[in-house]
Amino acid sequence: MIPVDPQRFLNDLHELRRFGAAGVSKGVIRPAYSDPDIAARDWLAQKYRDAGLEARFDATGTVWGLADGPSLLVGSHSDSQPEGGWLDGALGVICGLELARAGQAAGVPISAVSFQDEEGRFGVTTGSRIWAGHTTLAEADTLTDSTGVTFAQARARMADRAGEPVDPARFTGFIECHIEQGPWLDEAGEAAGIVTDIVGIRDMRITFTGEQNHAGTTPMHRRRDALQGMLAFQALIAERFRNVVTPQTVWTTGHVDLHPGAHSIVPGRCTFSMQWRDGEGDRLARMEEIIRTAATEVAQARGLELQFSDMLGLEPVPMDPRFQEALASAAQVQAPGRWRRMQSGALHDAASVAAKMPVAMLFVPSINGISHAFEEDTAEADLTAGLNVLADAVARLAG
């Protein structure tokens, strides 16, 4: 096992939390390219230098701590949601720092990374997707955030730091440690989850257009109410999914936009998000078929026009079997009987990096399953247990 220092690791984790700290809570406000995000990346680069690594920024602002020669890569992301938790991404980044630092002392080459914009201010795992070749920098530069700022404008804030691109061929694989962001480990009193695969995602917008009219004088049977169309659609897909989905399958409408959005007007237009996730590509396709058919039937029955946006499609990503076994063996030594294999329902940078090298993920518990909120937290004993599992597994893979 690589000789990590758990207290030094915890100290660094708490120090990173100070960048964008949200008042008295443990939460952080550190979106990609914000002042706290850039300051955190500069701090991390100096930590890499102090550890004897080459600190390098790429064109997106991803910051690397590079060991000499071929090495295993460990890390995650340090940007946060607009109202985020202190561990989401940060845990994996500081695991990478501690392992790389301990690896330098032990003569085991380990590199570290904090990818930029994993949380999607501009896209989906933007920094790692560009680095892994899923999209080009020029294509990403046209993406905009919710205020209209482009990715090109945002990354220009870090342009003076950008160095040479980092060649993926220098790494033998990638391991990402992350909080679970769900309840299963915490409820079971388990210390570690070995990720088997990261689910695939489909995401699009659907628009029903009806007839805007007076809410007091338009009889119910004469209405072409776009919101009622959306509600009927939701009930219909829930019924039709029943014999298709598994307990791990999820689907969500997280955003609804009504026009004109007034108390006394029958809504003439309803645009809403539709996202679904599963570990099987065939099931995702079957769900898409149900969604499109159900929306068409509702539109026809209610006299509504129907429009689908382009669809984001990310395929399920299996974790590398050899890396999984190294993590499982380490978990059995470090937390005997208190670990499980599990699927990741959330997207992570590992899903992008898998296009270039073997990848694996380790989860630690999230208290009450809370994440993407200021209340996100994990017991320090579980944080250090995760670090120890990771150090054990990395030593096995390096050997």
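User: How much space lies in the largest pocket?

Analyst: Rolling a probe the size of a water molecule over the atoms shows where empty space is left. A pocket is an open set of points on a 1 Å grid over the protein atoms alone, where a 1.4 Å probe fits, with protein on both sides within 12 Å along at least five of seven lines; lining residues have an atom within 4 Å of a point. A volume is the space filled by probe spheres set on the points, which are joined across faces, edges and corners. Here the largest pocket holds about 1400 Å³ of space. Its lining has 44 residues, and Ile201, Gln275, Arg277, Gly345 and Ala346 are the closest to the centre.

Please note that this is a predicted model: local features need pLDDT of at least 70, side-chain atom pairs count only at pLDDT 80 or more, and totals for chains, interfaces and linings use all residues. Residues are numbered from 1 along each chain as its sequence is written, and side-chain values use heavy atoms, with hydrogens and water left out.

User: Which elements give two or more residues to the lining of the largest pocket?

Analyst: Helices (H or I, at least four residues) and strands (E, at least two) are DSSP runs, numbered from the N terminus. The contributors are strand 7 (200–209), strand 9 (250–252), strand 12 (269–278) and strand 16 (339–344).

User: How is a pair of aromatic rings described?

Analyst: The distance of the centres and the angle of the planes describe such a pair. Rings of Phe, Tyr and Trp (its six-membered ring) pair if their centres lie within 6.5 Å; planes under 30 degrees apart count as stacked, over 60 as edge-to-face and the rest as tilted. The whole structure contains 14 aromatic pairs. In one of them, the ring centres of Phe115 and Phe174 are 6.0 Å apart and the planes stand at 80°, so this pair is edge-to-face. Phe115 belongs to strand 4 and Phe174 to strand 5 (residues 171–179), 59 residues apart. Together with Trp64, Trp131 and Phe171, these two residues form one aromatic cluster.

User: Are Phe115 and Phe174 buried or exposed?

Analyst: Buried means under 20% relative accessible area, exposed over 50%, and partly exposed in between (1.4 Å probe, protein chains only). Both Phe115 and Phe174 are buried.

User: What is the geometry of the pair that Phe233 and Phe272 form?

Analyst: This pair is tilted, at 5.5 Å centre to centre with 50° between the planes. Phe233 lies in helix 8 (residues 226–241) and Phe272 in strand 12, so the pair ties together parts 39 residues apart in sequence.
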